[in-house]
Amino acid sequence: MTFNSSPVQSIVFDNQQFFIKRDDLLHPDFSGNKARKLHYFLQNDFPNIRKIVSYGSAQSNAMYSLSVLAKMRGWEFEYFVDHVADYLKENPHGNYKGAIDNGMNLCVGMDIPALTMDKEILFIEEGGRQKEAEYGIKILAEEIIDWQVKNNIKELNIFLPSGTGTTALFLQKAFVEEGTPRPTVYTCPCVGDETYLKKQFLELEENEIYHPTILTLEKKHHFAKLYKENYKIWLKLQQQTGVVFDLLYDPLGWRVLLAYPEVFSKPTLYIHQGGVLGNESMLPRYERKYKDIKK
Ligand SMILES: *Cc1c(COP(=O)(O)O)cnc(C)c1O
């Protein structure tokens, strides 16, 4: 199967115009950029594969998207997690519930067996961080360049927040390989720090001419921790633009982007990478913690 090109929307946020690439609207069952990263596995034939094996957290967007892929292809899906919180077990919701409903087999607290030799198993790294992701992200790059040319935008900056950095890296790489126009990709680390993200880039691509530009705030940021500033900007985005962003990556992404006016002084395209299903667990936590904030 293929995806239709995702729409680009113009918004005004804090009196500044931005374009949004709505990858969250790519497919109703996939989580935005995970659809791009897994596109290769939807498009090609894998006659021997019987089962997907992967690992990570019990709330991850990648886990949910893998469950969709497995269901579409008629494969089993085995997913290894360290633990599942009691609250989640008793009140399944969000990505966890979606994946269970799609038939995911959860392996809790078990070691991942050595599988590399098994031809019936497709092993997917945490967060979908692997070479095959390049295939779908190249298609994203082509969609962006088509849009840029059609709209006669001479210079374009792209911003997207990173987890593993796979999407940002393969996007910048595709633009460099494509030639002209050549948008510049800016990103920020959401999971680790700048050193971690740089390391991730290097593992996927040694040649630094293909690497995105990393931007950060001065203060350290911990993934999935509740920050008042994150909740506030998420609410403000929704109020001013009507777009619902994800609560794990996008709030930090927007805070970082807004801290760099030299980036958005040129036409800037922010990539909405989906993940909104994960808000089912993050939003109640924010609402409980910051009852005083007006919605
Ligand atoms: C997975 C994910 C990311 C991070 O993507 P990477 O390719 O790992 O950097 C960002 N935003 C959302 C909503 C995601 O689901």
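## Before we start

Because this is a predicted model, local features need pLDDT of at least 70 and side-chain atom pairs count only at pLDDT 80 or more, while totals for chains, interfaces and linings use all residues. Residues are numbered from 1 along each chain as its sequence is written, and side-chain values use heavy atoms, with hydrogens and water left out.

## Around the ligand

Let's begin with the ligand. It has 16 residues around it, and the closest are Lys34, Asn61, Gly163, Thr164 and Thr167. (A residue is near a molecule if one of its heavy atoms lies within 4 Å of it.) Sorted by class, this shell has two nonpolar, 11 polar and three charged residues. Here Ala, Val, Leu, Ile, Met, Phe, Trp, Tyr, Cys and Pro count as nonpolar, Asp, Glu, Lys and Arg as charged, and the others, Gly among them, as polar.

Which polar atoms sit by the oxygen atoms of the ligand? A polar side-chain atom of lysine 34 is 2.7 Å from a ligand oxygen, and an N or O atom in the side chain of asparagine 33 is 2.9 Å from one. On its own the ligand exposes 390 Å², and the protein buries 98% of that (accessible areas come from the Shrake-Rupley method with a 1.4 Å probe). The elements giving two or more residues to the shell are α1 (32-43), β7 (157-162) and α6 (166-178), and α1 gives the most, with three. Helices (H or I, at least four residues) and strands (E, at least two) are DSSP runs, numbered from the N terminus.

## Arginine 36 in helix α1

Stay with α1 for a moment, as arginine 36 has its place in this helix. Is arginine 36 buried or exposed? Its relative accessibility is 0%, so it counts as buried (under 20% relative accessible area, with a 1.4 Å probe and protein chains only).

Its side chain has polar partners too: one polar contact, of 2.8 Å, is with the side chain of aspartate 23, and another, of 3.0 Å, is with the side chain of glutamate 143. A polar contact is a pair of N or O atoms within 3.5 Å; within protein, one must be able to donate a hydrogen and the other to accept it, and residues adjacent in sequence count only if both atoms are side-chain atoms.

## One cavity

The model has one cavity of 30 Å³ or more. On a 1 Å grid over the protein atoms alone, a cavity is a set of points where a 1.4 Å probe fits but cannot get out, and a pocket is an open set with protein on both sides within 12 Å along at least five of seven lines; lining residues have an atom within 4 Å of a point. Grid points are joined across faces, edges and corners, and a volume is the space filled by probe spheres set on the points.

The largest cavity holds about 30 Å³ of space. Its lining is Lys34, Lys37, Leu38, Ala62, Leu66, Ile124, Gly127 and Gly128. Helices α1 and α2 (61-73) each give two or more residues to that lining, and the largest share, three residues, comes from α1.

## The second largest pocket and α9

The second largest pocket has about 340 Å³ of space. Of its 20 lining residues, Pro189, Leu217, Lys219, Lys220 and His221 lie nearest its centre. Strand β8 (184-189) and helix α9 (250-258) are the elements that give two or more residues to this lining, with α9 giving the most, three. By class, the lining has nine nonpolar, four polar and seven charged residues.

Helix α9 is largely enclosed by the rest of the structure, because seven of its nine residues are buried. Those buried residues are Asp250, Pro251, Leu252, Gly253, Trp254, Val256 and Leu257.

Definitions and conventions: Buried means under 20% relative accessible area, exposed over 50%, partly exposed in between (1.4 Å probe, protein chains only).
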